[in-house]
Amino acid sequence: MSNNQDDREGRLKKKILDRFDDETSQEIKILKSRPDFRPELEYFVDLLAGGRDPATISARTGRPVVALMCLQAPLELFHVYGLQPFKIFGGTMVAQRLSAPQLPAIMCPMLRSALGELHLDLAGSKGQKFLAWVTPTTCDWVVKIQDMMEVCGITEKPPFHRLELPHLKDRTESQDRWLEEVYLLRGFLSQITGKKKIRRQDLARSMNIYQKSWHVFSNLIDLKRTGRVPEIWFMVISNSFFFDDAEKWTESVKKALPVFNKREKALPDIFLAGSPIFFPNLKMLHLLEEAGLNVVMDDLCSSERIFPGAVYFDDFSEHGLLKALAQRYHQGCLCPTFSDNDRRINNIIAPAHKDLYKGVVFHVLKGCHPFDLESLTLECRLKDMGLKFIKLETDYTSEDSQTLLTRLEAYRNTLAN
Ligand code: SF4
């Protein structure tokens, strides 16, 4: 690259970095000036405001950070090897400007933004990169992340480990294969940390730590089902999960639970399904509030789905613990990239759930094919049951906000009938 090109790129990065900071601080300002903001929520907002580069996360947690592309890799395994797993979500609208020219025009904007953030090299000045990357093979965009990093000129070349995710969950062969992948992940983590062996008791301890996080998160979900937790706050809490040590986050959620002691307004309750939403791009949640809709349930991988449920085991051998983890992260996961996916749709329309809401809002990011495809099946199933459904396709831009709001307001009026 010539000096001129270097200068041009340097200037562009600087401009985007400034806008990146503006975008983040604007959303922080909005959150902190809400009438329902409470001191107990400050911890979560500050985590999101504090940056998501590996140096910051590592300084906070005291652990080297491993980038994780999807949620199927057992977090407990990273923990027992002394690592901090950090799920990569991209949330800024402006960061994607750096990666967009090299990428397909229609692609997952969440990952385009994440690639832009990597290009910004937020960790550059602090000199610390992700120790490694772990990628379960879920959707096509995730499968190709390493190639996309290369075409975007992201020079980081850390060890990269893929977990081949069996897309059929209910077959015994798939479950056995996934257990093998969990063993291979264990081998990879052992290699990058130099820790030859882990003690069974230490793995059980890590499992217990995450079990407690799941438990307190379930308490928060129970409150949300009664309409007492605005989705914005729920998202801030769940989005911040990977930004700190699991135990500290769990204690902070415990302290925040009493904040949600009453339902503020009687608004129509909805189920929010579809593509993830991540800070600072909380556009869709602001629009839902503005339209007078209250989310009591969601199945977003950046929100309610960060935990796939509890881990059950009665075999305390190391193999028994790894098997329990493999089962939980494979069987419990409701990602739409699985082929035998009835459980995901049944989760939305289950009798115990469908009485909680009046309709489903389906959020699809342009280029997110798994959710786009799934919306077709879900819409038919819901309409057959007489339930109201709306699909909103959007991109990482604020230009469509007014159109989305108008559609949501019209939808809310149908729920009143
Ligand atoms: S499932 Fe959708 S949102 Fe998630 S990485 Fe793939 S395309 Fe992006």
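In this predicted model, helix H2 passes helix H11 in a left-handed crossing. Helix H2 covers residues 39-49 and helix H11 covers residues 231-239, and the two pack with their axes 9 Å apart at an angle of about 60 degrees, which makes H2 oblique to H11. On the side of H2, the contact is made by Leu41, Phe44, Val45 and Leu48, while H11 brings Trp233, Val236, Ile237 and Asn239 to it. Sorted by class, the residues of this contact are 7 nonpolar and 1 polar, with no charged residues.

Helix H9, formed by residues 172-193, and helix H14, formed by residues 318-331, have axes that come within 9 Å and cross at roughly 115 degrees, and here H9 passes H14 in a right-handed crossing. Among the residues that make the contact are Trp178, Leu179 and Arg186 of H9, together with Glu318, Leu322 and Lys323 of H14. By class, this contact of H9 with H14 has 7 nonpolar, 5 polar and 3 charged residues.

A search of the whole structure finds 4 cavities of 30 Å³ or more, and the largest cavity holds about 310 Å³ of space. Its lining consists of 26 residues, and those that lie nearest the centre of the cavity are Cys70, Cys139, Val142, Cys301 and Phe371. Helix H6 (109-120), helix H7 (140-143) and helix H17 (369-384) are the elements that give two or more residues to this lining. The lining of the largest cavity has, by class, 20 nonpolar, 4 polar and 2 charged residues.

Note on methods
Residues numbered from 1 in each chain as written. Predicted model: local features only at pLDDT ≥ 70, side-chain atom pairs only at ≥ 80, totals over all residues. Heavy atoms only, no water. Axes fitted to C-alpha atoms, helices over the stretch in contact; angles between N-to-C directions. Helix = DSSP H or I, 4+ residues; strand = E, 2+ residues; numbered from the N terminus. Left-handed = near helix turned anticlockwise from the far one by under 90°. Contact = heavy atoms within 4.5 Å. Nonpolar A, V, L, I, M, F, W, Y, C, P; charged D, E, K, R; others polar. 1 Å grid on protein atoms, 1.4 Å probe; cavity = no way out; pocket = protein on both sides within 12 Å on 5 of 7 lines; lining within 4 Å. Points joined across faces, edges and corners; volume = space filled by probe spheres on them. Parallel < 35°, antiparallel > 145°, perpendicular 65-115°, else oblique.
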